[in-house]
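Subject: The structure, and what turned up in it

Hi there,

Here is the structure I promised to pass on.

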Amino acid sequence: MPAKLNYIGHIKTPYQTTDECPGQARPQNGTSEIIVDKEYASALKGLTVGGQIQLLYWFDQADRSVLKAVPKWSEVNEERGVFSIRSPNRPNPIALSTVEIFSIDENVMTVTAMDCLDGTPLLDIKPYLNQLES
């Protein structure tokens, strides 16, 4: 059965190329904006500034045929399978990052800097729950 996904918004970053993108969403890289389509804005109710969320997003410009890559952080240029690294190029280019919410203004959230291109489609937002500490 084929999957059907609906984008719920997009991610605003300063990055126009993958070379410019940081390897992961990290606070030291600045901030990004999560723009939720207005029709889904009411679904943000209950999220709070200072809280953490997990964002699922779609690397829409990814090469889905790539199975191995050299991670940006590799000091020895070791090629690894894409399931062991955060490469945007993968069979199903679904990305996941845990970020902190810095502000919420209607349908726009400012969060930890994201590791994606400007305009990357947003798939879902989930509250962060550290299940290993439970």
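Lys126 is partly exposed, with 38% relative accessible area (buried means under 20%, exposed over 50% and partly exposed in between, using a 1.4 Å probe and protein chains only). Its partner is Asp124, and the two side chains form a salt bridge with N and O 3.0 Å apart. Asp124 is partly exposed too, at 27%.

A word on the basis of all this: the model is predicted, so local features need pLDDT of at least 70 and side-chain atom pairs count only at pLDDT 80 or more, while totals for chains, interfaces and linings use all residues. Residues are numbered from 1 along each chain as its sequence is written, and side-chain values use heavy atoms, with hydrogens and water left out.

**Salt bridges**

Searching the whole structure gives two salt bridges, meaning a side-chain nitrogen of Lys or Arg within 4 Å of a carboxyl oxygen of Asp or Glu. Besides the pair above, Arg86 forms a salt bridge with Asp115, with 3.1 Å between the closest N and O atoms. This pair links distant parts of the chain, 29 residues apart: Arg86 is in the loop between β5 (80–81) and β6 (94–105), and Asp115 is in the loop between β7 (108–112) and β8 (120–127). (Strands are DSSP runs of E, at least two residues, numbered from the N terminus.) Arg86 is partly exposed at 37%, whereas Asp115 is buried at 7%.

**Thr13**

Thr13 sits in the loop between β1 (9–12) and β2 (31–36), and is buried at 6%. What does its side chain reach? One atom is the backbone oxygen of Cys116, at 2.9 Å, and another is the backbone nitrogen of Asp118, at 3.0 Å. Leaving aside residues up to four places away in sequence, Thr13 touches Ser32, Met114, Cys116, Leu117 and Asp118 (contact means heavy atoms within 4.5 Å).

**The largest pocket**

Arg86 comes up again here: along with Thr18, Lys72, Ser87 and Pro88, Arg86 lies nearest the centre of the largest pocket, which is lined by 24 residues. (A pocket is an open set of points on a 1 Å grid over the protein atoms alone, where a 1.4 Å probe fits, with protein on both sides within 12 Å along at least five of seven lines; lining residues have an atom within 4 Å of a point.) The lining divides into twelve nonpolar, seven polar and five charged residues.

Best wishes

How values were computed
Helix = DSSP H or I, 4+ residues; strand = E, 2+ residues; numbered from the N terminus. Polar contact = N/O pair within 3.5 Å; in protein donor to acceptor, adjacent residues only side chain to side chain. Nonpolar A, V, L, I, M, F, W, Y, C, P; charged D, E, K, R; others polar.
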